[in-house]
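Work through the following exercises with the structure open. Each task is followed by a stepwise solution.

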Amino acid sequence: MKLPIWRSVDELQRPPEPSRELGAEAPDELSRRGILQLLGASAAMATLGGCLKPPDEKILPYTRQPPEVTPGNPLHYATCSTLDGRATGLLVTASEGRPTKIEGSPEHPSSRGAIGVLEQAEILRLYDPQRLKVVQYQNQPRSWRDFLGATLAIARILRERGGEGLRFLMEPSSSPLIGHLRQRLIENYPKARFASWSAIPLQQIHDGSQLAFGGVYETRVDLSKATVVCSLDADLLSAMPGTVPNMKAWAAKRDPSVGPMGRLYAVEANLTVTGMNADHRLRVKPTDVQRFGLALLGRLAGQVPLLARYAPLAQRFPLHPRDARFADVLAKDLVRAGRGALVAVGPRQPPALHAAAHAINSALSSDCAAQAKPVLHEMDAGPRALKQLAEEMRAGKVDTVVITAWNPAYGAPSDLNFGKALSQVPHSVYRSLYADETAERAGWVVPALHPLESWGDARAHDGTVTFRQPLIAPLYAGAGEAEVLAAFLGEGDRTSYTQLREFWKTTAPDELTWEKWIADGFIDGTATRPETVLVRHDAILAEAMKVPPAETIAGMEINIVPDYRVWDGRFANVAWMQELPDPVTKLTWENGALISPATAAALGVKQGDLVDLGLRGPPVLAPVILAPGHADDCVSVSMGYGRRSAGEMLCKGLGFDTATLRHAEGHWFGPGLTVTPLGGKTRLAQTQEHHSMEGRTIAVSTTLRKLKETQEELAGHRGPPLSYHAPQEYPGHKWGMAIDLSRCTGCNSCMVACQSENNVPVVGKDRVWRSREMHWLRIDRYFMGELDN
Ligand code: SF4
């Protein structure tokens, strides 16, 4: 039986109409201010040519220039961008000294030429005219010299006190240079303390490995060896550490001509990019993912002798009959896959579940999950570390705080009240690309240099040392993280380049080696090696037995997720990211409250209805998005919206902030949510129903076996394409582009790449609502089957 294919709940419930495009052909009035805001960085990127200059230091083009490069044409440079401390190798095109396009560095051992949407977005962020342009003290413009003078005076006093009252709140970092600076700062200020903060922390991954192995390790997933993958809330293909190499390995497994295709099971609350690619998917409330995983371990106990001790878990965590069938089949498939089996757990899930996955992977001798030492300097970069710092700040124990982490006043859970605590610290320094919510409360604010303007180093996900070289002199006044830290050592005049070169001099004393590293963008052979670690089964079982067997608080749950477009909010002022449809909901320019159709019906709300979401704090106003495939009795919301600072005008006021729904003890999900319909409605700029197919087949889906037996599904797509134009001969070279939809994960990278390559403009929320978005590429997402399946 052919199952219906549909794009949205609306489309399923209404017969297709001839055309859904909305609004008049001619655009209505748009203010000059609005146009300039939307053009913003795109216009700067296209027009700034004459105002730019190269960096002062010698930069080195990539050693293996792509063949199409000829003298006078663009050059390519290897460099990197970092996200939460992990580097991705980049190859950046520069036309006459102006960076114009970011690609992946093909030789980089970790990412091997692949990048995602966030790396692509960096090019527009570089040219954003709303970036912070001058050093500020108490919101008044100052110079870098003023900052250095003030820092010297504070540093002298702090040194006399041995650093008592000095705190550093850093971006998670793997940089060898920053590690060295931290060490020197501690030597100079023995009582100073370092903490790291990220709104998307990996704390639970690290805690899970501590529980399982008695030490902190990170799992290096290798999807190229996986034949059966179980994802427990692990968005392996879009929002996890190592996503970029994962996607490449996953794509390689999707070609049936080179070997068996991998089978993917996903257990999750909200439909993710990974869930969209799963062969089998189970939707459960977020707090039930852990119970499902432990029940799965209990089932494996009967089939894998090394796991026999976990048998009591099967009784302790009884599953709903539907979930139990899923778990039974999955357990058998994992055992059958043996070394090709992989159980992956997402960073939002508790340590006990991570430890359970380690136990399974280890017992099955999985070739797809190796353990290696983490690349980051600080393991604890979540609310736990921030809570301690906020308490010290409130208690008056902090005299000076230096912040290089991204925007904690916005990203911290609301119960920490970090912004207010920061206002109480006598001396504060904040380094930032924008005058954001934290900048508004800090004393000194130093503009950050963009990655394409600055020197530095970091380790990639596999540990490979990767270098960052600037392609352009800073567009605005600014400083690198190393320069701000060096200011507290009385060395603020030493540029990042001087520090970097000197630090690596012991390893690369000669210029030739150094120049090769910079030209390549990385040091070959520096990936951290996987280690053999023993699993502490007794500790894992003891922790698993402490997990409550059933939900103790009935009712709705909140489920907070990173946003596919703006991440934790740091890309919110990039217009491309705002107009990029979310890969699952196809929503642009805001976030929404994702609710399953069944739960929405029970609540009496429809698409676009406004609701108040409440959880132990002031309620949040959010529009409802009906989300097929979403678990019942919970609401998913993404981070990064509801921005308030005047320094980021493009994103100010878009969507809603999730801070009041997040708490230090429940950063990601939890029970107790109230959903109150308010009676109002809003207009959502969702692209999912745009560009009607006028009744034609919108997607073809079949199995490999069927395709081999009979090709009837393809029959209608063969033959000469229909065209208004007379056939024409094209002599010489012909170019074509094909996308293998079996490998496509729907990640959206090609949409941003196209926008970046062709400088395609954005049109704004109102015009997207009228189907006037200008993307040349469109990634569609279809549902198949019945609504409540
Ligand atoms: S075709 Fe586009 S959406 Fe699909 S995987 Fe490639 S980049 Fe991502």
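**Exercise 1: a pair between strands**

Arg 281 is partly exposed, at a relative accessible area of 25% (buried means under 20%, exposed over 50%, partly exposed in between, with a 1.4 Å probe and protein chains only). The model is predicted: local features need pLDDT of at least 70, side-chain atom pairs count only at pLDDT 80 or more, and totals for chains, interfaces and linings use all residues. Residues are numbered from 1 along each chain as its sequence is written, and side-chain values use heavy atoms, with hydrogens and water left out.

Task: find the residue with which Arg 281 forms a salt bridge (a side-chain nitrogen of Lys or Arg within 4 Å of a carboxyl oxygen of Asp or Glu).

Solution. 
1. The partner is Glu 268, and the closest N and O atoms are 2.7 Å apart.
2. Strands (E, at least two residues) and helices (H or I, at least four) are DSSP runs, numbered from the N terminus.
3. Glu 268 is buried, with a relative accessible area of 1%.

**Exercise 2: a pair within a helix**

Task: state how Arg 291 and Asp 288 are placed relative to each other in helix α9.

Solution. 
1. Their side chains form a salt bridge of 3.1 Å, N to O.
2. Both lie in helix α9 (residues 286-301), three residues apart, a separation of about one helical turn.
3. Arg 291 is buried at 12% relative accessible area, whereas Asp 288 is partly exposed at 22%.

**Exercise 3: a pair between loops**

Task: decide whether Glu 437 and Arg 643 are buried or exposed.

Solution. 
1. The two side chains meet in a salt bridge (2.9 Å, N to O).
2. This pair links distant parts of the chain, 206 residues apart: Glu 437 is in the loop between β16 (427-432) and β17 (444-447), and Arg 643 in the loop between β24 (634-638) and β25 (669-681).
3. Both Glu 437 and Arg 643 are buried.
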